[in-house]
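This report concerns the packing of a helix and the pairing of strands. Please consult the sequence and the coordinates alongside the text.

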Amino acid sequence: MLNNVVLMGRLTADPELKQTYNGVSVLSFCIAVDRPYSKDGNQQADFINVVAWRQTAEFVSKYFSKGQMIALEGCIQTRPYEDKNGNNRIAFEVIARRVCFCGGKNSDNRQATNGNVTKDNSQPNNQSSPNIKPDESDFDSLDEFEGIGTPDDDLPF
């Protein structure tokens with residue numbers, strides 16, 4: 001059987017780390033994952049509930065905040081529950097096994113300051129970075145290398 005999910009989206013709220021009675025870290029959060037554009041051109045998103053445990057939960061809690069892009073790998077898990085009206089329901093959640101940053105440091109217009117993440121409202125710098133391209137002559141010296149003298153069948157790979 002195969003139950004593997006890979007998602008990339010934005011956190012819909014600041015994550016809040018909680019502890020179980022046994023002191024195990026747990027974090028429930030929601031990410032918005034964009035759908036492809038529909039026929040009428042409107043952007044739609046799916047809101048997916050995610051649960052992270054232990055070090056993964058602590059990592060997300062410490063380094064991510066509302067609106068930040070996040071990539072995760074995990075599995076889908078279902079659990080039954082009873083709603084306020086006494087109806088039996090089933091919740092679908094993604095259990096995150098691995099979590100990664102997405103985009104560059106400033107892709108979300110955020111700066112880290114003393115462990116806190118704050119909005120960066122400064123205007124973009126209008127200076128352009130120099131466009132540096134390698135010169136063909138930079139690669140001429142590569143022909144000067146000599147072989148290692150080991151037959152191919154003696155290599156370990």
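The face of helix α1 turned away from its buried side carries Gln 55 and Lys 62, both exposed (over 50% relative accessible area, whereas buried means under 20% and partly exposed lies in between; 1.4 Å probe, protein chains only). The model is predicted: local features need pLDDT of at least 70 and side-chain atom pairs count only at pLDDT 80 or more, while totals for chains, interfaces and linings use all residues. Residues are numbered from 1 along each chain as its sequence is written, and side-chain values use heavy atoms, with hydrogens and water left out.

Helix α1 spans residues 54-63, and its buried residues are Thr 56, Ala 57 and Val 60. Viewed along the axis of α1, these buried residues fall within an arc of 100 degrees, so they line one face of the helix; the arc is that of the directions from the helix axis to the C-beta atoms. Helices (H or I, at least four residues) and strands (E, at least two) are DSSP runs, numbered from the N terminus.

Leaving aside residues up to four places away in sequence, Thr 56 touches Ala 96, Arg 97 and Val 99. Ala 96, in β6, is the bridge partner of Gly 74.

Strands β5 and β6 pair in the antiparallel sense over 13 bridges; pairing requires that DSSP finds at least two bridges.

Methods: Contact = heavy atoms within 4.5 Å.
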